[in-house]
Amino acid sequence: MHNDQNGFDAFRPVGGWILSSVQASVLEGVAAGFSSGRLSRELHLSSKTIDYHVRVMSEKLEAPNRVALVSRAFVLQILRTDSWPPRISCETAD
């Protein structure tokens with residue numbers, strides 16, 4: 001893990017793309033089946049901010065929806081397959 005230019009912890013999962021700690025938390029929540037509303041309450045962010053992060057990650061992974069986003073994250077080993085709730089893979093951390 002390392003700090004990106006904004007000072008946030010970040011992960012580098014694919015092709016030089018930097019996954020921020022907020023995006024990692026959002027991705028873990030989406031993989032666990034949480035709605036944007038629940039994630040916004042748990043992460044103290046607006047639902048629009050959650051949806052923004054989901055959209056950005058979906059575009060990066062070329063996923064048309066949340067199910068495809070989670071599936072691609074597992075296939076690319078961004079998410080671990082050996083834990084519940086889903087967690088970001090240690091291999092993606094610097």
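## Exercises on a predicted model

Eight of the eleven residues of helix α1 (residues 21-31) are buried, so the rest of the structure largely encloses this helix. Buried means under 20% relative accessible area, exposed over 50%, and partly exposed in between (1.4 Å probe, protein chains only). This is a predicted model: local features need pLDDT of at least 70, side-chain atom pairs count only at pLDDT 80 or more, and totals for chains, interfaces and linings use all residues. Residues are numbered from 1 along each chain as its sequence is written, and side-chain values use heavy atoms, with hydrogens and water left out.

**Exercise 1. Describe the chain as a whole.**

Step 1. Take the elements. The chain has four helices and three strands. Helices (H or I, at least four residues) and strands (E, at least two) are DSSP runs, numbered from the N terminus.

Step 2. From the N terminus on, they run β-β-β-α-α-α-α.

Step 3. Turn to burial. Of the 94 residues, 39% count as buried.

Step 4. The chain exposes about 5,500 Å², and carbon and sulfur atoms supply 50% of it. Such areas come from the Shrake-Rupley method with a 1.4 Å probe; for residues, only the protein chains shown count as cover.

**Exercise 2. Which residues of α1 are buried?**

Step 1. List them. They are Q23, A24, V26, L27, E28, G29, V30 and A31.

Step 2. Look just past the helix. G33 takes a positive phi of about 90° there.

**Exercise 3. Work out how α1 packs against α4.**

Step 1. Find the geometry. α1 and α4 pack at an angle of about 110°, with their axes 10 Å apart. Axes are lines fitted to C-alpha atoms, for helices over the stretch in contact, and angles run from 0 to 180 degrees between N-to-C directions.

Step 2. Name the arrangement. The two helices, α1 and α4, are therefore roughly perpendicular. Angles under 35 degrees count as roughly parallel, over 145 as roughly antiparallel, 65 to 115 as roughly perpendicular and the rest as oblique.

Step 3. Find the residues. L27, V30 and A31 of α1 meet R66, L69, V70 and A73 of α4. Contact means heavy atoms within 4.5 Å.

Step 4. Sort them by class. The contact has six nonpolar, no polar and one charged residues. Ala, Val, Leu, Ile, Met, Phe, Trp, Tyr, Cys and Pro count as nonpolar, Asp, Glu, Lys and Arg as charged, and the others, Gly among them, as polar.

**Exercise 4. Examine α4 and its two ends.**

Step 1. Start inside. In α4 (residues 66-75), A68, L69, V70 and A73 are buried. The buried residues of α4 pack against α1 and α3 (47-60).

Step 2. Check the N-terminal end. N65 caps it: a side-chain oxygen lies 3.2 Å from the backbone nitrogen of V67.

Step 3. Check what follows. Q77 comes after α4 and has a positive phi, near 60°.

**Exercise 5. Are S36 and S89 buried or exposed?**

Step 1. S36 lies in helix α2 (residues 36-43). S36 is buried, with a relative accessible area of 10%. Not counting residues up to four places away in sequence, S36 touches S47, I50, D51 and R66.

Step 2. S89 sits in the segment after α4. S89 is buried too, with a relative accessible area of 2%.

Conventions. A polar contact is a pair of N or O atoms within 3.5 Å; within protein, one must be able to donate a hydrogen and the other to accept it, and residues adjacent in sequence count only if both atoms are side-chain atoms.
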